[in-house]
Amino acid sequence: MSLPLFNMASRTCQDWPAEALPVELFVMIAQYLPNRKDLGSMRLVNREFNTKLACYFVRQLVIHLGPELSARLDTGVTLQGGPTSLDITGRLLQSDVFRRFGPDIRRLALTLELQEYELATPSTGDLEEICLDSADIHRRALSMTDLHPDLHLERVIQSLENARGVALLLTSASNVQELALSCDPGLGYLQGPDINYLQPPARPPVFGDPNQVRATDNRSLRVIYAKPYRLEMLEHKLAAAGVDSETIPYKIRELFALERTTESEWTHEKRARPPLPRLPHHSHDLLRASARDVMIRLQPDQLTDTQKRFLFLYLSAHQGLVQSFLLTVMDNGPSFMHLTKVNIARLPSLYVEFLFRHDFWSRLPGLQEVALGVIPDWRTVYQQDIYDVAVEQVFPTDALPKVFRLLNDYIGKQPRIKRLHFEWHCGGEFAAGCMQRNRYVLPAPFLKSHLKVVNSSPKNLLILPFITHLSLKNCWFAPNVFYRIMDTMARDYSLESLELETVSLSGPPIHRRRMRDVEDFPPPPPIQHQHNHAQQQLIQHHLAQFHLGQQDQAPQNPPQQNHDGDGVGGEDEANDKEQPLREPPWLSWCHILDMLTPGETIKELAYKEGEGRFAPPLRIIKELKLRKLIFKSCGYVDVPDFRFISNRRFKNLQLPPTLIPLESAAEAAIRPTRDAVGPFLQNSTDRHLGKIRVMMDPWERAMMRRIWQFNFGWVGTYEQIVVDAARQDGVFIPGYGRFTGTIERDPNARPEKETTSSSSAGSVLLDEPVHYVFNTSLFDRDYNDHDGLTEVMLLQERKMGYYSEGGLLQRLFDRLPL
């Protein structure tokens with residue numbers, strides 16, 4: 001017989017041994033819970049669970065400092081002639097979290113992110129005031145000097161500009177081990193109407209799985225609104241002036257009649273696309289066709305004047321947060337005795353220069369690890385006059401020199417910092433939206449002259465001498481640059497572990513005016529190290545034969561088909577054994593991994609197969625400190641700058657026949673969405689923004705699976721919701737042509753030095769060891785990046801939909817093949 005619900009609750013309370021279990025037992029149980037959501041559910045069992053788990057729950061604390069927090073903490077007490085009295089940091093310090101559990105906090109984050117729905121419907125920035133009197137209704141124009149943030153945003157700005165309050169907040173967590181900062185003022189790429197309902201816009205996580213797809217409230221999913229923004233704001237102003245809801249429509253009609261306008265004319269907002277970056281290679285009269293839909297409030301490439309002013313005001317709050325965070329550490333560094341990690345989870349490139357402070361990085365005595373995520377700016381916002389705020393495009397890759405300087409001159413100079421993570425928050429495989437996913441991948445910020453992406457000379461490279469573990473995400477390298485950096489850091493310095501997630505290589509480097517675009521150049525390096533001089537002579541001979549302005553020669557290889565399914569239609573790994581063992585193409589992924597891997601190499605296996613089992617073994621010497629390499633969804637990118645990067649290895653790759661219908665169906669399904677939202681979205685003529693390659697050479701795939709047991713595709717690597725979200729954006733097989741796996745040094749393997757010494761006493765090994773290296777000197781040189789740049793930029797302008805009103809440039813565009 002079942003008991004009534006109230007009897008069950010009563011019985012449960014009576015049976016529970018109140019205060020009989022120590023808090024340590026609750027904490028031990030909580031440690032086995034997979035996430036904070038389950039921990040929150042456990043706290044709901046009863047009051048004792050809630051009380052005894054509170055100290056463990058606040059070990060990881062994220063404080064979202066924004067207008068929403070101000071609204072929740074509102075006291076309702078009004079000061080004379082001022083805003084509602086509220087010191088946000090003071091109220092937080094008075095809360096139970098900091099009064100009772102401050103010493104229990106281990107990971108503390110301060111965040112301030114502008115949500116897209118806030119920018120779609122700005123709470124401030126309108127330069128109009130509605131005036132009511134007994135006779136009529138009219139509006140009065142304001143200027144920027146009259147404009148102030150809304151009440152809650154103003155409180156946030158005031159609280160963050162009070163560095164003392166932020167300092168007390170951070171230092172109250174006396175045992176904190178990780179301090180984090182996340183700041184997004186909306187200067188990067190915005191999704192606007194390009195919404196993926198499986199990966200909707202939401203506040204990104206600071207701790208935990210960075211690729212986690214989270215649900216969000218319905219209002220952040222709103223793209224098309226029921227009424228225009230200006231009409232909605234007019235109703236709010238009239239309601240704030242004391243007009244009752246039934247009278248508001250009559251007042252609005254009265255205003256329209258007095259101003260001799262209509263609702264459609266009133267609600268129309270001026271929108272204009274920002275001009276292209278100011279460069280001599282960009283034409284000044286280029287236009288991009290405008291798009292119109294008054295119900296789509298957030299059009300990222302066509303912001304309204306109100307949205308521009310709102311962005312400008314919001315920057316003050318973000319600047320206050322960043323500066324207060326830095327000042328707290330600089331003034332109270334020794335107080336963070338237990339701090340081992342600084343996590344700059346998200347930071348606009350506009351504020352990267354704030355981190356150029358030796359007195360910040362040197363003030364933390366126990367700092368060992370730094371995580372840095374940068375949002376590259378796509379626009380700059382500045383006040384033009386007392387009425388207008390101007391917006392201009394900037395190249396996202398303009399962020400590279402700032403990050404390079406931060407890593408090279410500040411973080412990289414600290415001997416205590418041993419672990420470093422870096423990622424771009426822009427585009428790539430995890431970017432939501434059909435127009436952003438798999439596009440807009442930035443180069444890694446490891447180049448001093450960031451525009452010279454294939455210059456691998458030591459003076460142009462970022463080398464981090466003290467880093468033992470390097471983690472990179474969502475970026476690309478020219479292959480010679482990647483190899484030269486990792487080889488130098490592992491050979492001459494301290495690098496022991498390398499972790500790469502969605503990191504890509506471009507095609508092989510090339511100087512088209514001096515080289516032919518063919519696969520047999522440069523010649524492969526000699527096996528024996530004593531032949532290096534001969535190799536140098538051969539390279540010089542080739543260079544002497546190449547004439548200025550020589551035309552590209554496309555390879556004459558027949559089209560290749562990749563027979564992998566990556567979980568679709570079955571994967572025929574038996575075909576891998578049919579691929580011959582041979583040395584990899586120079587500066588391919590297989591070639592570079594073969595030279596960096598601490599394990600068995602393709603070179604060794606190809607030697608054994610070619611020479612026979614009775615041949616003396618090939619002894620490879622690398623002298624690298626790398627012990628572990630981790631890869632997740634890595635592969636190749638296409639780069640628009642064809643002057644210095646060749647895509648010849650990708651031109652003839654084709655999908656297997658069984659997958660072509662899947663790709664066609666996915667493209668047909670997503671095309672209407674792209675056509676509908678594309679005109680409202682940002683694009684960039686930046687020639688160094690990469691696009692993810694969805695295919696890889698079948699031989700290279702086979703070698704990766706056969707030699708290193710790598711996997712391809714996302715199934716089994718990421719959660720199913722992440723895979724489904726990518727499919728929703730038109731990616732027919734997420735992760736197809738992207739490899740995942742780990743290479744680790746065998747702990748039982750004999751050291752190289754020991755092998756070398758044992759071979760000298762009459763062994764059957766080869767007389768000389770093979771130094772497995774690649775000579776990058778052909779590309780270790782400066783070059784003129786302006787050479788041929790006009791042709792590249794014209795092609796980029798055409799692809800992005802820009803045209804000249806006079807039609808002069810259209811004829812030039814028509815001569816260029818897409």
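In this predicted model, S646 lies in the loop that connects strand 16 with helix 21. S646 has a relative accessible area of 0% and is buried. Its side chain makes two contacts of note. Leaving aside residues up to four places away in sequence, S646 touches G507, P508, I510, R512 and D517.

Y636 belongs to strand 16 (residues 628-638) and F650 to helix 21 (residues 648-651), and the two residues are 14 residues apart. Their ring centres are 5.3 Å apart with the planes at 55°, so the pair is tilted. An angle counts as edge-to-face only over 60 degrees and as stacked only under 30, which is why 55° falls in the tilted class. Y636 is buried at a relative accessible area of 6%, and F650 is buried with a value of 6%.

W714 and Y718 give an edge-to-face case: the centres of their rings are 5.2 Å apart and the planes stand at 65°, so the angle passes the cut-off of 60 degrees. W714 and Y718 are both buried. The model holds 26 aromatic pairs in total. One aromatic cluster is formed by F446, F477, F482, W589, F631, W708, F710 and F739.

Rings also meet charged side chains. The charged end of R297 sits over the ring of Y225, at 4.1 Å from the ring centre. The charged end of R582 is placed over the ring of W699, 4.2 Å from its centre.

C475 is in no disulfide, and the nearest cysteine sulfur to it, that of C634, is 9.0 Å away. For C634, also in no disulfide, the nearest cysteine sulfur is that of C475, at 9.0 Å. A disulfide needs the two sulfur atoms within 2.5 Å, so the 9.0 Å between C475 and C634 rules this pair out. C475 is buried, with 0% relative accessible area, and C634 is buried at 0% relative accessibility.

Two residues other than glycine have a positive phi, Y440 and N474. Y440 has a phi of about 60° and is found in the loop between strand 11 (419-424) and strand 12 (469-477). N474 also has a phi of about 60°, but its place is in strand 12 itself. A positive phi is also found at G801, which follows helix 26 and has a value near 85°. Helix 26 covers residues 789-799, and its buried residues are L789, V792, M793, L794, L795, Q796 and E797.

The accessibility of several residues discussed above is listed here.

| Residue | Relative accessible area | Class |
|---|---|---|
| S646 | 0% | buried |
| Y636 | 6% | buried |
| F650 | 6% | buried |
| C475 | 0% | buried |
| C634 | 0% | buried |
| Y440 | 6% | buried |
| N474 | 6% | buried |

Each value in the table is under 20%, so each residue counts as buried.

For the chain as a whole, the secondary structure consists of 27 helices and 22 strands. The protein chain has 818 residues, and 52% of them are buried. Among contacts with a separation of 6 or more, 82% are between residues 24 or more positions apart. The chain exposes about 37600 Å², and carbon and sulfur atoms supply 52% of that area.

Key
Residues numbered from 1 in each chain as written. Predicted model: local features only at pLDDT ≥ 70, side-chain atom pairs only at ≥ 80, totals over all residues. Heavy atoms only, no water. Phe/Tyr/Trp six-rings, centres within 6.5 Å; stacked < 30°, edge-to-face > 60°. Helix = DSSP H or I, 4+ residues; strand = E, 2+ residues; numbered from the N terminus. Buried < 20%, exposed > 50% of the residue type's maximum accessible area, 1.4 Å probe, protein only. Lys NZ or Arg CZ within 6 Å of the ring centre and 35° of its normal. Contact = heavy atoms within 4.5 Å. Areas by Shrake-Rupley, 256 points an atom, 1.4 Å probe, with all protein chains shown as cover.
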